[in-house]
Amino acid sequence: MAEPLLDRARRAGRRLRVNGDARAHYVICGRDALAYWVVRALLATELQAGRVRITLVVPERPRSDEPDGRDLQGVEVVRADRLDEVTFRRAGLAGADGLALLHQDDVGNMHAALCAQEVEPRLRLVVRMFNTGLANGVRQIFPDSAVLSDASMAAPAFVAAALGEVAPTHFRHGGRTLYVARRDDVRPTDVVCGVADTGDPQQVRLLPADERAADLVIAEATGAPPGTELAARRLRRARRRRRPLTVLLRAVRSFATRKIGVAVIVLLVVIGVLGWLNGYAAHEDWADSLYLTLVTTLSGQDPNPDKSAGEQIMQVVLNLAGLALIPLITAVVVDGIVNARLALHSGRIQPERSGHVVVVGLGNVGTRVMAQLCDFGVEVVAIDKVPEPRGGALARRLGVPLIVGDAALEETLQSASVGGCQALVVVSTDDETNLQAALNGRAVNPELQVVLRLFDGHFAERIQQAFGIGVSRSVSYLAAPSFAAALLDRAVIATIPVGRHALLVTEVSVAAGSSLDGRPLAAVGRAESVRLLAHARTGQRLDWAPDPRLVIVAGDRLTVVARRAGLNALLREAAPPPPEDPVVPTPRQPEE
């Protein structure tokens, strides 16, 4: 710990020598919503009051309609499409305190980190990576670094929402393993504190003043399986066996196009009518009439000039119908083979299912959600526009059917048996497609549990009010606090998603001379904002039931669960007072 602190002191001195600015400087590189939320999280910390400088590196042109932070006030923006030494020098990386690489490109982020090392060898580095297996390699190259995956952080919340259970948030702190659960699912002696009252889905109350009103609690693990595993077991019992006959009927139904099928049916009706008339004219019974009709139509044999004129006319017409029937049969066979192969390749031919979960979008988040659902033993059907999405190989390895198509179309959702599924998890990167898929899913099954990924919180609230789709998540919003804390070298112990909100569990150290120094522990907790979990003196173990009258002294460690705004206020109160500007004596004026 001493070496990073020494490096920071050197960087602060270097900043002061170069441009006379002693503020902490952080460089953020990104092009999507994660960069936006990380910058906002940094601006909301205790460093906001004129003691932090943020430089945001974004592409020349926005890649999507989502905000990426370039319009935030108080942020220096550098536009560049390449993250190389030239760009980092333009951004003032030399002497900076930290660099966050937030692009969705593992190899590109690694290359940018190597370029940044050429500009500033001793740098706090935070890297966004989907492949967390590269984390050890990054830490070997960059000792003062953190490798995080926003998909891994957000996936449990989507899984829990799909199964209708509490997000499986586990964390270990102070020798205890804690997790989030419903109060009714744990013993009263295992409850550490209440975190939310979710009785009214329209208005979730976080950290209510009366802890007994909270039905969502933090509890100490005692070996019982969490709620998500219990829900998965219920789904496994409710799952039905696949029906091969249904698969065959659906395959036959998709064997030929509608136009060819109509033409064949019309022609067969004409042949049937003519065959009946031919048998009636020849005074044959129905069996002989069927035989003569088939032979005449398919082979054109048995010419007989001794037949009556009516029989001869029927025979000629049947021969002409047979000439038209042969090409149609050939067209049906060829078209059917092509359609069947395309349907099998795209996954449209699927058995009717019930009790499964449909995941739309196998990107970073969708892949993690699919894998976790499979780990719980839940049957999954995936949908993606791309034939080979990021999670396609994993889907094949796990035996998850992949339907290639537009989830905004009702026929694609029908192929995934959305009418009988347990939940529809829509996590593609296109808000418009996500919303359309959610609405179409609700149109097929009004009682369907929909988990929707949307960026804009206000838009999500309007969607919830208008259509009753109340479970919506923002991956970037859930993951941003951990990225910002890692950049500040302040570890967030856990992030607890509750609806569209996120509660943070962290440890705060009280500095000498701070606002909290000398005040009682009761001053830490604030209703619906901050709740104290544990307290520890310097060198002592955590006390999970501290006396609220105990006086706080410098060096105390406070473990709290808090909302973002409450945590930022608490960090400001625990921070040391700002240094006073030196008083420069006014030169005396010479006497006249």
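## Helices H6 and H12

The axes of helix H6 (residues 150–163) and helix H12 (residues 364–375) come within 8 Å and cross at roughly 55°. Axes here are lines fitted to C-alpha atoms, for helices over the stretch in contact, with angles from 0 to 180 degrees between N-to-C directions. Helices and strands are DSSP runs numbered from the N terminus (helices H or I, at least four residues; strands E, at least two). The angle makes H6 oblique to H12. Under 35 degrees counts as roughly parallel, over 145 as roughly antiparallel, 65 to 115 as roughly perpendicular, and the rest as oblique.

On the H6 side, the contact uses Ala151, Ser152, Ala155, Pro156, Phe158, Val159 and Leu163. H12 supplies Asn364, Val365, Arg368, Val369, Gln372 and Leu373. Contact means heavy atoms within 4.5 Å. By class, the residues of this contact are 9 nonpolar, 3 polar and 1 charged. Ala, Val, Leu, Ile, Met, Phe, Trp, Tyr, Cys and Pro count as nonpolar, Asp, Glu, Lys and Arg as charged, and the others, Gly among them, as polar.

## Basis of the model

This is a predicted model: local features need pLDDT of at least 70, side-chain atom pairs count only at pLDDT 80 or more, and totals for chains, interfaces and linings use all residues. Residues are numbered from 1 along each chain as its sequence is written, and side-chain values use heavy atoms, with hydrogens and water left out.

## Helices H2 and H17

H2 and helix H17 (residues 475–487) have axes that come within 8 Å and cross at roughly 55°. That makes H2 oblique to H17. The crossing is right-handed.

From H2, the residues are Ala33, Leu34, Trp37, Val38, Ala41 and Leu42. They meet Ser476, Tyr477, Ala479, Ala480, Phe483, Ala484 and Leu487 of H17. This contact has 12 nonpolar residues, 1 polar and no charged ones.

## Nonpolar cores

The largest nonpolar core has 62 residues. A nonpolar core is a set of buried Ala, Val, Leu, Ile, Met, Phe, Trp, Tyr and Cys residues joined through side-chain atoms within 4.5 Å. Buried means under 20% relative accessible area, exposed over 50%, partly exposed in between (1.4 Å probe, protein chains only). Ile28, Leu42, Phe158, Val369, Leu373 and Val425 touch the most other members. Helix H2 (residues 33–43) gives the most to this core, with 10 residues. Apart from it lies another core, of 24 residues, among them Val27, Cys29, Leu83 and Phe142.

## Leu373 and Val380

Leaving out residues up to four places away in sequence, Leu373 touches Val159, Leu163, Val357, Val359, Val378 and Val380.

Val380 is in strand E13 (residues 380–384). Val380 is buried, at 3% relative accessibility. Met370 is 10 residues from Val380 along the chain, and their C-alpha atoms are separated by 6.9 Å.

## Positive phi

Ser417 is a residue other than glycine with a positive phi, near 55°. Ser417 lies in the loop between helix H14 (410–415) and strand E15 (423–426). Its relative accessible area is 4%, so Ser417 is buried.

Glu528, also not glycine, has a positive phi near 60°. Glu528 lies in the loop between strand E19 (501–509) and strand E20 (530–536). Glu528 counts as partly exposed, at 40% relative accessibility.

How values were computed: Left-handed = near helix turned anticlockwise from the far one by under 90°.
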